[in-house]
Amino acid sequence: MVVPRPYQKEGIDIGYDFLTDKGGKRGGLQVHPTGSGKSLIIAGVAMKLNEPLLVFQPSVEILWQNYHKLRAFGYGHAPAVFSAKAGLKQIAPITFATIGSAINNMDLFKQFRYVIIDEAHMVNSEGINGDNHDDMSMYSEFISRLNKPKVMGLTATPYRLASNSMGSEMRFLTRTRDKMFDDLIYYVQRKQLYEQGFLAKMNYYPMPNGIEPSKMKYNSSGSDYSVDSYRTH
């Protein structure tokens, strides 16, 4: 049986309150640094909610991580897995799924009115009007076709790179156009985790040969150096 840390318990309680608030907004976002244990917050919300819950994650590796954390949390039933990459297509009150498998079987998910999206920065705000029908746009399409359930996202990187006529800029997920997440409902700072001893302090070491910035080239968006520059320097 896993005992959540204080900030995890806060995230669980706030997530539960948000999802069960019938009069509130449809999409809420929690931000938790890498290593803070998002999978345990998902597990805690799932158990406290005790209603049909669909949990999305972008990869089968993260899916199994979230699945096993729910079992470690003390959930007494076998949650379902709906993912072609996992070799399973099952439905249960708590179902872990990948979007590519779920969107082609919409009729199987009509009973779900609560959705959690892990790695929420993968959601594309352009939805079904986007040019690319990839994992990002499929999230918004699925939610729209599911009759707009309550959705909570979790991420460690709450920004998305956006481009316009003036160049590129980073936008917070709750400030993108046609956004899925309306409000930031909980935020954990890295400083808090360091001070409470939940993350190890980082040590920095110089690279033997170093990198000469003047010789690096930017990528097409101008947001970072190109991959080729890293390889050659």
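Biologist: How many of the twelve residues of helix α2 are buried?
Modeller: In this predicted model, helix α2 is mostly covered. Of the twelve residues of α2, the number that are buried is ten.

Biologist: What distance separates the end C-alpha atoms of helix α2?
Modeller: Helix α2 covers residues 38-49, and at 1.5 Å a residue its twelve residues should span 16 Å. The model agrees with that expectation, because the end C-alpha atoms of α2 are apart by 16 Å.

Biologist: Is Ile41 buried or exposed?
Modeller: Ile41 has its place in helix α2, and apart from residues up to four places away in sequence it touches Gln8, Gly11, Ile12, Gln30, His32 and Leu154. A residue counts as buried when its relative accessible area is under 20%. Because the relative accessible area of Ile41 is 0%, Ile41 is buried.

Biologist: Where is Glu119 found, and does it count as buried or exposed?
Modeller: Glu119 is found in the loop between β6 (114-118) and α5 (135-145), and its phi, near 55°, is a positive value in a residue other than glycine. The cut-off for buried is under 20% relative accessible area. Since Glu119 has a relative accessibility of 18%, it counts as buried.

Biologist: Is Asn147 buried or exposed?
Modeller: Asn147 has its place in the loop between α5 and β7 (150-155), and although it is not a glycine, it has a positive phi of about 70°. Exposed means over 50% relative accessible area. Because the relative accessible area of Asn147 is 58%, Asn147 is exposed.

Biologist: What is the radius of gyration of the chain?
Modeller: The chain has seven helices and ten strands, and its C-alpha atoms fill a box of roughly 55 × 45 × 40 Å along the principal axes. With 233 residues, a compact globule would have a radius of gyration near 17 Å, which agrees with the value for the chain, 19 Å.

Biologist: What share of the contacts with a separation of 6 or more comes from residues 24 or more positions apart?
Modeller: Buried residues make up 44% of the 233 residues in the chain. Among the contacts in the chain with a separation of 6 or more, residues 24 or more positions apart account for 67%.

Conventions: Residues are numbered from 1 along each chain as its sequence is written. This is a predicted model: local features need pLDDT of at least 70, side-chain atom pairs count only at pLDDT 80 or more; totals for chains, interfaces and linings use all residues. Side-chain values use heavy atoms; hydrogens and water are left out. Helices (H or I, at least four residues) and strands (E, at least two) are DSSP runs, numbered from the N terminus. The radius of gyration is taken over C-alpha atoms; the globule rule is 2.2 Å times the number of residues to the power 0.38. Buried means under 20% relative accessible area, exposed over 50%, partly exposed in between (1.4 Å probe, protein chains only). Contact means heavy atoms within 4.5 Å. The expected span of a helix is 1.5 Å times one less than its number of residues.
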